[in-house]
Amino acid sequence: MVGQYDENVLPDMLPVYYTRLFPQNLFCRWLSCGNSPQPLSNRELSFTLADDVYLRYLSINNQKEFFTLLQKKCPHKLDIGAVYNTKPSVGRHDAVVLARELVFDIDLTDYDEVRTCCQEAKVCDKCWKFMVVACEIINAALKDDFGFQSILWVFSGRRGIHCWISDYEARTLDSPGRAAVADYLCLIMGGENQSKKVHLGSDNLHSSIRRALIVIDKYFDDIVQDQEFLSTSDRLKSFLKMIPDEALRKQVQENLERMPTSSIDRWKCFVNNYNQFCKENLHGMRKMKYLIEEIKIQYCYPRLDVNVTKGFNHLLKSPFSIHPKTGKVSVVFKPDNAKDIKLDEIPTIYTLLDDSSSDNVQHQTNMRTAVKNFQELVFSLEKAEAVRRKTEANTSLEF
Ligand SMILES: [Zn+2]
């Protein structure tokens, strides 16, 4: 049973997990490929040991050394850093960062102002839908708008997802470039005191925003029903603050307060009010041309931790690391399958290593699928790298 997980079993189970189940070979191949032009040995790894002892600037030359290090230190958590111009364990004081995957960190705690089912560390299948929307929107933007191919999606272990982009252009991108990508993907602006956080103007919508809205629309009714954005007077109040026109706001307020509390019915009523209002107030509509879209985005669009994306040497939890608090494996998943993930079905170290657990068989299967997903990504990355190196060699011959 998932609920029986006990942190105290970690020291006994981790060595077995690392030996039998952690995909060490794929892990080293994935990092080696992303290390060009520098070798695997210049990559920083960091371990969190029992009692929160923290080891930074570790490095490995090959899989054998990695295996030995895992057995010796038995990390409760495993993080990955940047690739330096020298072995990070040796020259860390004047080491320069040469490469690093472009990464994204999306965490449900950043959705606490909109999600109503859970708060803080809690997560359920209802609020997981926000992660599904985020994953689909960002994945499409990375592929279609930036042309990236080697995009790895990983469950963070508790309440979020990580994305690692290993394309050469991504891992050699400089800080301003990373900041530009992060800013491009940010539509929600302003802190706690700002009621309306999305402003799309009145020109035609950018194709990436239209594409994001198509994703949101697939899940919007479900999310509105799950989260009941409009059902209590407090939530209704925050919602009404997003309507900039006073006349429309008053009208909507009167109509919604008169209705039963179902959020989906109230939302439909609001959309009707808005459409009617637009017909009758053509010239006043410019400032609210995309109000429906703006509200949908404010409720559902990805909320990124941009500092993780902008920073070169921000450490990020490794795929297949175990979350020390939940025991869950940071499984690799395909973005198209994010919607099928059930939180209870994510393997834990406990269920994987305990044959008598009722979840054992299913969690074993899901673990194998996660490793297979990782393998596919590593193989296609190696292929792309081979092509890139060949092209690079040919180009340099020509001059
Ligand atoms: Zn929830």
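Trainee: Which side chains does the polar contact of 3.4 Å join?
Mentor: That polar contact joins the side chains of S41 and N42, at 3.4 Å. Keep in mind that this is a predicted model.

Trainee: OK, and where does S41 lie?
Mentor: S41 sits in a loop, the one between α2 (24-33) and β1 (43-48).

Trainee: Is S41 buried or exposed there?
Mentor: Buried: the relative accessible area of S41 is 12%, and the cut-off for buried is under 20%.

Trainee: What is S41 in contact with, leaving aside its neighbours within four places in sequence?
Mentor: Setting those neighbours aside, S41 is in contact with S59, I60 and N61, and also with K87 and P88.

Trainee: Switching to the metal. Which residues are the protein donors of the zinc ion?
Mentor: Four cysteines give their SG atoms: C117, C118, C124 and C127, lying 2.3 Å from the zinc ion. Along the chain, these donors follow the spacing C-C-x5-C-x2-C.

Trainee: What about the angles among the four donor atoms?
Mentor: They run from 101 to 119°, and the site is tetrahedral. The cut-off there is that all angles lie between 85 and 135 degrees.

Trainee: And how does C117 count in terms of accessibility?
Mentor: C117 counts as partly exposed, because its relative accessibility is 29%. C124 also counts as partly exposed, with 23%.

Trainee: Now helices. What should the 13 residues of α9 span?
Mentor: At 1.5 Å a residue, α9 (residues 246-258) should span 18 Å. The end C-alpha atoms of α9 are 18 Å apart, so the two values agree.

Trainee: Which residues in α9 are buried?
Mentor: L248, V252 and L256 are buried in α9. Looking down the helix axis, the buried residues fall within an arc of 50°, so they line one face of α9.

Trainee: Which exposed residues does the face turned away from the buried side carry?
Mentor: On α9, that face carries K250 and R258.

Trainee: What happens at the start of α9?
Mentor: A side-chain oxygen of D245 reaches to within 3.0 Å of the backbone nitrogen of A247.

Trainee: Which residue caps the N-terminal end of α6?
Mentor: D174 does, with a side-chain oxygen 2.9 Å from the backbone nitrogen of G177.

Trainee: Which residues of α6 are buried?
Mentor: In α6 (residues 175-184), the buried residues are G177, R178, A179, V181 and A182. They pack against the strand β5 (102-107) and the helices α5 (168-171) and α12 (306-310).

Trainee: What is Q298 in contact with, leaving aside its neighbours within four places in sequence?
Mentor: With those left out, the contacts of Q298 are V114, I188, S195, K196, K197, V198, M242 and R303.

Trainee: Last one: where is the place of D144?
Mentor: D144 is in helix α4 (residues 125-145). With 52% relative accessibility, D144 counts as exposed.

Trainee: How far apart are D144 and S208?
Mentor: In sequence they are 64 residues apart, while in space D144 and S208 are 8.8 Å apart, C-alpha to C-alpha.

Notes
Residues are numbered from 1 along each chain as its sequence is written. This is a predicted model: local features need pLDDT of at least 70, side-chain atom pairs count only at pLDDT 80 or more; totals for chains, interfaces and linings use all residues. Side-chain values use heavy atoms; hydrogens and water are left out. Donors are N, O and S atoms within 2.8 Å of the metal (3.2 Å for Na, K and Ca); water is not among the atoms, so sites may look incomplete. Four donors count as tetrahedral if all angles lie between 85 and 135 degrees; four count as square planar and six as octahedral if opposite donors are over 155 degrees apart and all others between 65 and 115; anything else is irregular. Buried means under 20% relative accessible area, exposed over 50%, partly exposed in between (1.4 Å probe, protein chains only). Helices (H or I, at least four residues) and strands (E, at least two) are DSSP runs, numbered from the N terminus. The expected span of a helix is 1.5 Å times one less than its number of residues. The arc is that of the directions from the helix axis to the C-beta atoms. A polar contact is a pair of N or O atoms within 3.5 Å; within protein, one must be able to donate a hydrogen and the other to accept it, and residues adjacent in sequence count only if both atoms are side-chain atoms. Contact means heavy atoms within 4.5 Å.
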